[in-house]
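Subject: The two-chain model, and what I found in it

Hi,

Here is the structure I promised to pass on. Have a look at it first, and then read on for my notes.

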Amino acid sequence: MKKSYFAMVALIIASLVLAACGGGQTQTPAATEPPTEVVTEAPTEAMTEAPTEAPTEAPTGEATEPPASGEGITIGQVTDLGGIDDKSFNASAFAGAERAVEQLGGEAKYLESQQQSDYARNIQQFVDEDTDLIVTVGFLLGVDTATAAKANPDQKFAIVDYSYPDCFGDTAVEGETCGSATELPNVMGLTFDTDQAAFLAGYAAAASTQTGTVATFGGINIPPVTIFMKGFEAGVNYYNEQKGTDVQVLGWSTADNDGVFTGNFESTDDGRANAESFVQEGADIIMPVAGPVGLGSAAYCQESGSCRIVGVDTDWTVSASEYSDVIFTSVLKRVDNAVFDAAQSVADGSFAGGVYLGTLENEGVGLAEVSGAASELTAELDQLKADIIAGTVTLPE
Amino acid sequence: MTQTATVKATKPKGIGGGTLGQALLVPALAVLSGLIIGAIFILAIGENVLTAYGALFRGSFGSLPALIEGIRVYFSTGENQALVRALYPFTESLVTATPYILTGLSVAVGFRCGLFNIGAEGQFFIGALCSAFVGYSIRGLPAFIHLPLAILGGALGGAVWGMIPGYLKARFGAHEVVNTIMMNWIAFRLSDWLLNGPMQASGFRPVTPNIQPTAELPRFFADPLRFNWGFVLALVMAYIVYWFLFKTTLGFEIRSVGANPDAARYAGMNIVKNFVFVMALAGGLAGMAGSAQVLGVDHWVGQGFAAGYGFDAIALALVGKSHPFGVVLAALLFGFLRSGATEMQSMAGIPIDIISIIQGLVIIFIAAPAIIRWIYRIPTIKTEETVLTRGWGS
């Protein structure tokens with residue numbers, strides 16, 4: 001009898017649901033596995049990631065059971081619209097959180113935001129759960145993070161790719177949602193001196209180009225993008241100064257504060273077209289700073305065999321491994337290290353608000369292995385890195 | 001579909017015909033079936049159904065013990081912290097339902113006239129941008145002028161965005177499905193430009209400035225409760241749309257055009273006028289959804305602001321049988337599911353995508369009631385067919 005069977009199942013489920021509800025707050029230690037069901041995101045036509053984000057390694061996927069002791073810290077990450085498996089800074093940040101609870105004990109969880117109005121709700125959820133550290137990812141969460149931080153002064157926050165003060169423009173209501181390090185002592189802004197790493201990439205590219213020309217392009221002309229391009233150009237110029245060469249940089253000019261931009265962070269076709277035209281102008285190493293757009297450039301390089309790519313944010317030989325044969329090197333933005341450091345500071349009680357700056361020195365930024373680099377180039381890069389850390393080589397502002 | 005449809009001039013009430021109980025039976029069973037199959041998915045990914053649905057329920061309604069405790073604490077000590085916390089889940093669900101109600105109405109109104117408005121997403125975005133612009137650019141107005149002006153701005157923006165495909169349909173016979181989709185793309189790209197240019201707050205971020213406090217839809221409670229007058233606005237609009245469709249001559253005309261445009265034309269009704277008007281109305285409602293969202297909840301607009309409300313609205317209108325009250329119920333269902341999913345995701349570690357699966361299943365079951373009737377052995381009742389949209393050639 002189908003009828004009775006279904007009715008029974010329905011009754012059982014209903015009673016289970018009701019029983020669970022009556023049980024009050026039964027908190028369970030949830031294993032935070034990455035979602036196994038990957039349903040396509042709601043169609044968001046707008047840019048859903050911070051501009052410079054590119055594919056990266058997926059979260060390690062290990063269950064994060066706390067060690068035997070009840071110690072350790074709880075970390076709650078609120079993603080932006082890119083979601084937890086965005087192969088970008090959301091994934092990278094969570095990898096850092098998972099590593100932190102592995103070493104420190106505790107639990108790392110995440111909440112995915114599907115709409116702008118989810119940010120505040122997801123933050124509130126973690127506030128209600130008395131999470132030790134709430135990690136919010138991306139500048140679009142800046143307002144909601146500041147609001148929650150003001151309302152809950154004892155709650156510790158870290159926000160990726162953002163730092164206060166910022167009032168979202170001078171027309172924001174005074175004192176409403178904007179803050180500063182002194183006003184928001186419970187928020188750590190995680191920002192990155194990616195130009196230091198891009199400087200090394202520019203130097204390496206200048207040393208390795210066969211044609212005497214290298215190139216870069218960006219998504220949109222905004223500081224988080226152009227900081228890569230500036231550093232890259234500066235690195236090439238520094239090489240020219242040191243070696244008396246005349247390696248050209250296409251696609252960016254710090255003097256003009258302008259360069260080549262695709263205008264989006266989506267179109268791999270644009271990435272392909274840009275790479276093609278740069279190659280025609282003589283470039284053989286290209287650094288695309290436009291997220292997945294760069295994959296189009298990599299595809300062109302692979303097909304034509306006429307150029308190599310400098311990846312950004314993550315090691316593209318891992319995150320875009322299908323193109324690893326044309327990846328020259330990658331400019332690393334170690335969001336995971338920054339989140340790990342933030343978590344550690346919470347655990348050892350040294351947490352302080354303000355700005356965390358990822359640099360070569362604290363491994364917040366770095367350069368991936370340069371493919372096919374001669375040993376003298378590797379040595380020069382090591383020396384250059386040490387000089388930048390020591391301050392003997394300074395980057396242009 | 002046109003052939004089987006009847007003009008419901010004499011029977012305005014009821015959602016899809018029959019008594020209210022009959023009308024609600026299939027949707028209720030559809031929700032139940034959706035949850036049961038959702039449970040199978042949860043089991044399949046190795047999680048506890050009990051924990052998951054318990055968290056889903058708590059996340060969308062709150063828990064009774066917490067509420068009682070909150071009330072007790074409030075009356076004994078005057079401390080409202082616990083009470084606010086207890087009320088938070090329920091009010092958040094209503095906040096989530098608000099844009100669903102208005103965009104659902106938008107699509108439903110179109111269906112009633114035989115027009116398929118896939119453009120609610122774009123109209124929503126345009127409405128939000130217009131409201132935000134009125135909200136932040138005008139300063140010094142008192143709230144009782146500024147707020148209505150901001151809402152009106154959003155509604156007008158959406159109305160224009162809807163009216164264009166309506167006019168193209170009426171004047172040139174260009175199909176509204178194609179044109180509303182095109183208008184969506186124009187809205188998305190236009191917003192990219194606006195948020196990176198003319199409407200950008202100072203700094204590099206693609207967001208508008210915050211709106212002035214005088215343009216905000218007032219909230220009923222203090223932070224973090226975001227429950228605001230937008231929800232009331234949505235309910236009022238639902239009633240107005242109901243009244244308009246079923247109690248006015250113009251509403252009758254619209255439904256007649258939707259049921260059978262040839263007959264309506266023969267009866268001397270102006271098809272062109274109706275198409276343009278209905279699309280403007282639909283756009284206005286979706287635009288108002290954007291208004292309510294920016295003025296009541298977010299107070300600023302950033303890239304990714306429109307995240308599928310307009311597309312979910314199509315399903316809502318189907319589930320609600322294009323009846324304003326049905327749409328409200330369906331929107332509440334979606335709101336509670338979406339809102340409860342946060343707690344489920346956090347407490348039970350269930351991917352938020354499971355909610356999309358449950359929603360999809362509910363939609364399938366409601367769109368194809370025969371499945372539900374077959375599973376639960378419900379005898380088929382003769383119900384009136386509601387015209388959703390006519391085919392391509394019409």
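Where in chain A does Asn257(A) lie? Asn257(A) sits in the loop that runs between strand E8 (252-253) and strand E9 (258-259) of chain A. Before I go further, please keep in mind that this is a predicted model.

I started with that residue for its backbone. Asn257(A) is not a glycine, yet it has a positive phi of about 55°. Most residues other than glycine have a negative phi. With a relative accessible area of 41%, Asn257(A) counts as partly exposed. Lys321(B) is in the loop between helix H12 (309-319) and helix H13 (324-348) of chain B, and it is partly exposed at a relative accessible area of 30%.

Now chain A as a whole. Its secondary structure comes to 11 helices and 14 strands. Of its 397 residues, 58% are buried. If you take the contacts in chain A with a separation of 6 or more, 74% of them are between residues 24 or more positions apart. The accessible surface of the chain is about 15300 Å², and carbon and sulfur atoms account for 49% of that.

On to the interior. In soluble globular proteins, nonpolar side chains tend to be buried together. The largest nonpolar core here has 114 residues, and those with the most contacts inside it are Ile75(A), Val160(A), Leu190(A), Phe232(A), Ile286(A) and Val331(A). Helix H5 (residues 194-208) of chain A gives the largest share of this core, 9 residues. Why does the core lie between two domains? Domain 1 (46-192 + 334-358) and domain 2 (194-313 + 366-390) of chain A both contribute residues, so the core lies between them. Another core, of 110 residues, lies apart from that one, and its members include Ala30(B), Val134(B), Val257(B) and Ala330(B).

Phe94(A) belongs to helix H2 (residues 89-104) of chain A. Its relative accessibility is 2%, so it counts as buried. Phe94(A) and Val137(A) are 43 residues apart in sequence, and their C-alpha atoms are 9.7 Å apart in space. In chain B, look at Gly34(B), which is part of helix H1 (residues 20-44). Gly34(B) is buried, with a relative accessible area of 0%. Leaving out residues up to four places away in sequence, Gly34(B) touches Ile358(B), Leu361(B), Val362(B) and Phe365(B).

Phe144(B), Ile145(B), Leu149(B), Leu152(B) and Leu156(B) make a nonpolar patch of about 510 Å². One of them, Leu156(B), lies in helix H6 (residues 143-172) of chain B and counts as exposed, at 53% relative accessibility.

Last, the charged pairs. The count comes to 15 salt bridges over all chains. Here are three of them:

- Lys243(A) and Glu380(A) meet through their side chains at 3.0 Å, N to O. Lys243(A) is in helix H6 (residues 223-243) and Glu380(A) in helix H11 (residues 375-390) of chain A, so the pair ties together parts that are 137 residues apart in sequence. Lys243(A) is partly exposed, with a relative accessible area of 39%, and Glu380(A) is partly exposed as well, at 24%.
- Lys169(B) and Glu176(B) form a salt bridge at 2.9 Å, N to O. Lys169(B) and Glu176(B) are both buried.
- Arg121(A) and Asp118(A) form a salt bridge at 3.5 Å, N to O. Both lie in helix H3 (residues 118-128) of chain A, 3 residues apart, about one turn of the helix. Arg121(A) is buried, as is Asp118(A).

What do salt bridges that share partners join into one network? The members are Asp118(A), Arg121(A), Glu92(B) and Arg226(B).

Cheers

Definitions and conventions. Residues are numbered from 1 along each chain as its sequence is written. Chains are lettered from A and ligands numbered from 1 in the order in which they are written. This is a predicted model: local features need pLDDT of at least 70, side-chain atom pairs count only at pLDDT 80 or more; totals for chains, interfaces and linings use all residues. Side-chain values use heavy atoms; hydrogens and water are left out. Helices (H or I, at least four residues) and strands (E, at least two) are DSSP runs, numbered from the N terminus. Buried means under 20% relative accessible area, exposed over 50%, partly exposed in between (1.4 Å probe, protein chains only). Contact means heavy atoms within 4.5 Å. Patches are made of residues with over 30% relative accessible area and no salt bridge: like charges are joined within 9 Å, nonpolar side chains (Val, Leu, Ile, Met, Phe, Trp, Tyr) within 5 Å. Accessible areas come from the Shrake-Rupley method with a 1.4 Å probe; for residues, only the protein chains shown count as cover. A salt bridge is a side-chain nitrogen of Lys or Arg within 4 Å of a carboxyl oxygen of Asp or Glu. A nonpolar core is a set of buried Ala, Val, Leu, Ile, Met, Phe, Trp, Tyr and Cys residues joined through side-chain atoms within 4.5 Å. Domain bounds come from an automatic or database domain assignment.
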